[in-house]
Amino acid sequence: MPNRKPSNFTCTSRALAAAALLFFQPVTQAQQPQQLELCVACHGPQGNSQIPQFPSLAGQPKVFLENQMVLIREGLRDIPQMKGLLDGMKDADIVVLANYFSAQTPVRPTATSALNAEAYQRGQALARQMLCGTCHLPDYSGRQQIPRLAGQHEAFLRDTMKQFRDHPGPGRDTIMAASLYGLKDVDLADLAHFMAHFK
């Protein structure tokens, strides 16, 4: 049989198959962007934060992570601690980081405060009343562009909700700003306590 040169269609199909195979391979140390070391310095090993002011990235939805990193990189979300860390990062590296952190198992932080049954019940009732589980799912694990809340640091959740309520602006979810409008600080504290301790 004569030696035939593969058609463009065959080459393209093989290239796409190879790219897909690479995309679904687990991230090796050689493939990890340099920024991963910087990420875990604040967000913790495998993205499980042990610092109350920093969120855990482990188990967050991939699309949510990608969106937030792009917003930060482009200067649409102003987070002083993240200033400059994502400058010039390629989209491909953002995808790799999002894949990595979304695949990690969330671990409850050791700094979690003791459970206050009354605050938990108030927060649970308020979350039901506000239909938080509609977008964030009933187990508060998040989906697509909506973050996981369950097991996050209580201080981080409380402070983030205050920012949504008091300082809506570029890069902030307007639906969340509207949802939290008019809530008192004690309400936000109860919601944060409930989400942080949710099982």
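Helix axes here are lines fitted to C-alpha atoms over the stretch in contact, and angles between them run from 0 to 180 degrees between N-to-C directions. The structure shown is a predicted model.

**Figure 1. Overview of the chain, an arrangement of 9 helices and 0 strands.** From the N terminus on, the order of elements is α-α-α-α-α-α-α-α-α. The chain has 199 residues, and 36% of them are buried. Its accessible surface is about 12,300 Å², with 59% belonging to carbon and sulfur atoms. Of the contacts between residues at least 6 apart in sequence, 71% join residues at least 24 apart.

**Figure 2. Packing of helix α5 against helix α9.** Helix α5 covers residues 117-129 and helix α9 covers residues 185-197. The two pack at an angle of about 100°, and their axes are 7 Å apart. Angles of 65 to 115 degrees count as roughly perpendicular, so α5 is roughly perpendicular to α9. On the α5 side, the contact is made by A119, Y120, R122, G123, Q124, L126 and A127. On the α9 side, D187, D190, L191, H193, F194, M195 and H197 take part. Sorted by class, this contact of α5 with α9 has 7 nonpolar, 4 polar and 3 charged residues.

**Figure 3. Helix α9 and its cover.** Helix α9 has 13 residues. From its first C-alpha to its last it reaches 18 Å, close to the 18 Å expected at 1.5 Å a residue. Buried in α9 are L188, D190, L191, A192, H193, F194, M195, A196 and H197. The cover over these buried residues includes α5, α6 (132-136), α7 (154-166) and α8 (174-180).

**Figure 4. Helix α4, residues 91-102.** This helix has 12 residues and spans 16 Å from first C-alpha to last, close to the 16 Å expected at 1.5 Å a residue. Its buried residues are I94, L97, A98, N99, Y100 and F101.

**Figure 5. L85 in the loop between α3 (62-73) and α4.** Leaving aside residues up to four places away in sequence, L85 touches Q35 and L38. L85 and L38 are 47 residues apart along the chain, and their C-alpha atoms are separated by 8.1 Å.

**Figure 6. Q46, a residue other than glycine with positive phi.** Most residues other than glycine have a negative phi. In Q46, phi is near 55°. Q46 sits in the loop between α2 (35-43) and α3. With a relative accessible area of 39%, Q46 is partly exposed.

**Figure 7. Y140, a residue other than glycine with positive phi.** The phi of Y140 is near 60°. Y140 belongs to the loop between α6 and α7. Buried means under 20% relative accessible area, so Y140, with a value of 6%, is buried.

How values were computed:
Residues are numbered from 1 along each chain as its sequence is written. This is a predicted model: local features need pLDDT of at least 70, side-chain atom pairs count only at pLDDT 80 or more; totals for chains, interfaces and linings use all residues. Side-chain values use heavy atoms; hydrogens and water are left out. Helices (H or I, at least four residues) and strands (E, at least two) are DSSP runs, numbered from the N terminus. Angles under 35 degrees count as roughly parallel, over 145 as roughly antiparallel, 65 to 115 as roughly perpendicular and the rest as oblique. Contact means heavy atoms within 4.5 Å. Ala, Val, Leu, Ile, Met, Phe, Trp, Tyr, Cys and Pro count as nonpolar, Asp, Glu, Lys and Arg as charged, and the others, Gly among them, as polar. The expected span of a helix is 1.5 Å times one less than its number of residues. Buried means under 20% relative accessible area, exposed over 50%, partly exposed in between (1.4 Å probe, protein chains only). Accessible areas come from the Shrake-Rupley method with a 1.4 Å probe; for residues, only the protein chains shown count as cover.
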